[in-house]
Amino acid sequence: MNIHQYRLEELAKIVNGELIGQADFQIVGLASLAQAKANQISFVNGDKYLDTAVLSTAGALIINQSLKEHLPAHQNFIIVDNPYLAFAILTHVFEPKFTKQGVEKTAQIDPSAVISESAYIGHYVVIGADCVIGDDTIIQSQAKIDDGVKIGKACFIDSHVTITGMAKIGDRVRIHANTVIGSEGFGFAPYQGKWNRIAQLGSVQIGNDVRIGSNCSIDRGAIDDTILENGVIIDNLVQIAHNVRIGENTAIAAKSGIAGSTTIGKNCILAGACGVVGHLTITDNVTFTGMSMVTKNILEPGTYSSGTGLMENSQWKRAVVRFRQLADVPLTKIMKRLDHIQAQIESIESTLKLRK
Amino acid sequence: MNIHQYRLEELAKIVNGELIGQADFQIVGLASLAQAKANQISFVNGDKYLDTAVLSTAGALIINQSLKEHLPAHQNFIIVDNPYLAFAILTHVFEPKFTKQGVEKTAQIDPSAVISESAYIGHYVVIGADCVIGDDTIIQSQAKIDDGVKIGKACFIDSHVTITGMAKIGDRVRIHANTVIGSEGFGFAPYQGKWNRIAQLGSVQIGNDVRIGSNCSIDRGAIDDTILENGVIIDNLVQIAHNVRIGENTAIAAKSGIAGSTTIGKNCILAGACGVVGHLTITDNVTFTGMSMVTKNILEPGTYSSGTGLMENSQWKRAVVRFRQLADVPLTKIMKRLDHIQAQIESIESTLKLRK
Amino acid sequence: MNIHQYRLEELAKIVNGELIGQADFQIVGLASLAQAKANQISFVNGDKYLDTAVLSTAGALIINQSLKEHLPAHQNFIIVDNPYLAFAILTHVFEPKFTKQGVEKTAQIDPSAVISESAYIGHYVVIGADCVIGDDTIIQSQAKIDDGVKIGKACFIDSHVTITGMAKIGDRVRIHANTVIGSEGFGFAPYQGKWNRIAQLGSVQIGNDVRIGSNCSIDRGAIDDTILENGVIIDNLVQIAHNVRIGENTAIAAKSGIAGSTTIGKNCILAGACGVVGHLTITDNVTFTGMSMVTKNILEPGTYSSGTGLMENSQWKRAVVRFRQLADVPLTKIMKRLDHIQAQIESIESTLKLRK
């Protein structure tokens, strides 16, 4: 791999920043403040990183205007309003580019599939009947694209991904390794003590600019489709059950799960390991903190939480015993009784005073 | 794919239902009430879907007798006692049939393996020594069947499934994509500050009619076997540790995990994301609601739960502070003290009355 | 598979134990006390298994000295201080050995990759440019080793594992089936209502003697690396986010997740399904019990917990209502008010006595 260098002024231009220092300073890469070398650039994401920034040996720093005066020992800066965004933009500059095109000779592609000439299909990929793979899409080795799946342009599908259930995938979608899209939903009709499988006839629709992490499971719908709208981002090990709908630009962190037929609005955030039960409606702009258990519709935007805080184990054990007792302790009545008792005592006391 | 059509009377016969309307009405598929077109059939799963049913453009409806009078604008019905079960049965009618048989030329099969002639083995499947694959079983592309694994009849094993650890699998078992069966259990003997790996010598036994979702991990036993009895159904991303035993017809929803050597009874239901610690016994007919943390034996059938409800974040933060305080607040004593204080006050009051 | 037999004195020597009974007694395998046959050896892991041991038909027992007198009906023993450790050692004696070496002809290996002659590379494995595979390392079928990945000696990489992101892996590392190492971290800069992907330029460093279960996701760092130190053991379905660092010999049970940039110390234990939020520091020798939600730095060694205990569902529902009320019930004030009221009553009572 040959390393590409950039002049500081080139990078400043890319992020629309103001250059301070040596315009032709050569930068070979991005690094964190703590690890950056003299030929690397780093960024200061707010005041709380200032101490680390002072000590950093980075050759250049991306900062906002107000921090510059606190970094007298540094010479090269790119000044921007949003250093984190500028950093995000520069990661793409330094990311190695994937340049392969065409179909590896070991890929098994059904003759009825339509593969763009600018797509790349890796070794041991299997692509079924009637599939469509769009321009500039990369399908890494050993992926499985089952019959009838359509994938748009400029997508990245990593190794060991399984896409089945006639899924339709938009443009610029990234699906990381070992994720399963369009597998059968968990639908069974109980009858006479047995579970009768409901064959899943719906599909999965994934919009544009969707990102799905590794080891996720996104099931096909029972009869209607499971839907991920444009701009949804999903971390690793996430479960999306059949007939779920996720609104635009909603972010779902690792280990979360959404049960069947639930609708999540736009611009929501689910922190790690949240669980949302089935058949709910969650409105737009809702945030669930980590490990939230969501069992009812949420109709007001806001931040919601569940669970107990972490405690030292012996203290926790006592609290759990009391939590159990709460079932039979009328908390709100206690307050009322205390007020009532207080009133009785005051009444007695004034009686006693009168009789003094 | 050619679409098969069915006359309404054919479908009524399949589900043992009473036909009302046009016997020769042509149906091309199943759909939800909201999405159904005029050549599709839908079903009404109880009163709460009646409003949607009234508006549905489905060409025919599966209903129970009592709902018919509320749907005067519809003409074609199949009347049954259990519309959901009838729907489940019809999904199989409309599910595309898999008809391939034989071994793809790219499959790598050890000469000692015994593969039924009616089985299908997909591209890039690897099957090891001494394996057995039964009649009508489908092994999708890129699956790995390791040495000594036996798979029964009419099973469906999807792509990227790994079956190892000498697992024995019954008939009509469905294992969805990217699931791992028979991998090494998490067994280590701590000694002098290090973890000493315990080689796992047990296996996995899976009964008939078992269903396992995608991205699950079902470990082989340490010395005895991990066992899933007949009719067990398991959703996606579920962990079954070594030496667990799951009883007949128990259902386990997504993201649940069962730790080592625990026995779960028959006809249990674990909702999503439950965690059951190791070495426990759970009796038959137990239901755990979502995200339950099970840390003790359950010897009585019933429904069990844990966790706190979801709350608005700022209210939740206050409640969590109080939960912590519960450790040192003797709730049951508070009630007794209140009663005692009340008695004292009444005594004082009667004393005062006497002395009036 | 031919079964190797061992004389009891051979096994006693391997575990440094004292032989009692027939030195040339032939043992064909290890088994649990309940399942052992007359030609198998079992072990008694403490007093609580004594009843089962008495009834066991095992041909020989591994026990500690104190238990021998309670097992008069048994003849053959290996006496050791730590029977569980001796058992762990013997599992390796009875584990079938993997003896294949070389590269299967269907493996696709980039010409620039360096593969040890004593390594084994299975069918349909794909190994990219500049990879290194050390001596005696086993790469099972269909694994994907992406460009620039380095793997040390005597490692075991099971089928469908994806290793990417330029990961560096030490010696004697075991990675079980369908796990993903080095996939892209979940990093996005929010801007104008959209998520802007941060290309992940860091890597993953995995030390020696690390064990990772099946279906895990261990992401590459954003700019610095994600690090697992020597001796870390990880169960199935575990999420390790970008830039996490896990200290030596820490054990992480199934379904746990660690969010980005968190550092976990040495010798910690995370029981099943724990969640640790990002940017935290957890010191050495910390244990989290199952399903703990860790939201703050832990600077003192010890055991920590969260959550509520399991309860019968109707009792739980009442407790959850009260948990919600706790937000507005000043628990610690209740105790103070009770004490205050008690004092007032006593004061009144003494006043009354004086006036008698």
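Start with the salt bridges between chain B and chain A: the rule finds four across this interface of the predicted model. Select Arg318(A) and Asp328(B) for one salt bridge. Their side chains meet there at 2.8 Å, N to O.

Next, show polar contacts across the interface of chain B and chain A. There are 46 residue pairs in polar contact, with both residues at pLDDT 80 or more. Now colour chain B by secondary structure. On the side of chain B that touches chain A, at least two residues each come from α3 (83–94), β28 (233–234), β31 (251–252), β40 (311–312), α4 (313–326) and α5 (331–354). Select α5(B): its 12 residues are the largest share of that side. Then colour that side of chain B by residue class: 38 residues are nonpolar, 29 polar and 15 charged.

Pick Ser305(A), then look across to Met311(B) in β40(B), which stands opposite.

Now zoom out to the whole interface. Select the residues in contact: 82 in chain B and 88 in chain A. The area buried between the chains is about 6,900 Å². Carbon and sulfur atoms give 62% of that area.

Key: Residues are numbered from 1 along each chain as its sequence is written. Chains are lettered from A and ligands numbered from 1 in the order in which they are written. This is a predicted model: local features need pLDDT of at least 70, side-chain atom pairs count only at pLDDT 80 or more; totals for chains, interfaces and linings use all residues. Side-chain values use heavy atoms; hydrogens and water are left out. Contact means heavy atoms within 4.5 Å. Buried area is the accessible area (1.4 Å probe) that two parts lose on being put together, summed over both. A polar contact is a pair of N or O atoms within 3.5 Å; within protein, one must be able to donate a hydrogen and the other to accept it, and residues adjacent in sequence count only if both atoms are side-chain atoms. Helices (H or I, at least four residues) and strands (E, at least two) are DSSP runs, numbered from the N terminus. Ala, Val, Leu, Ile, Met, Phe, Trp, Tyr, Cys and Pro count as nonpolar, Asp, Glu, Lys and Arg as charged, and the others, Gly among them, as polar. Two strands pair if DSSP finds at least two bridges between them.
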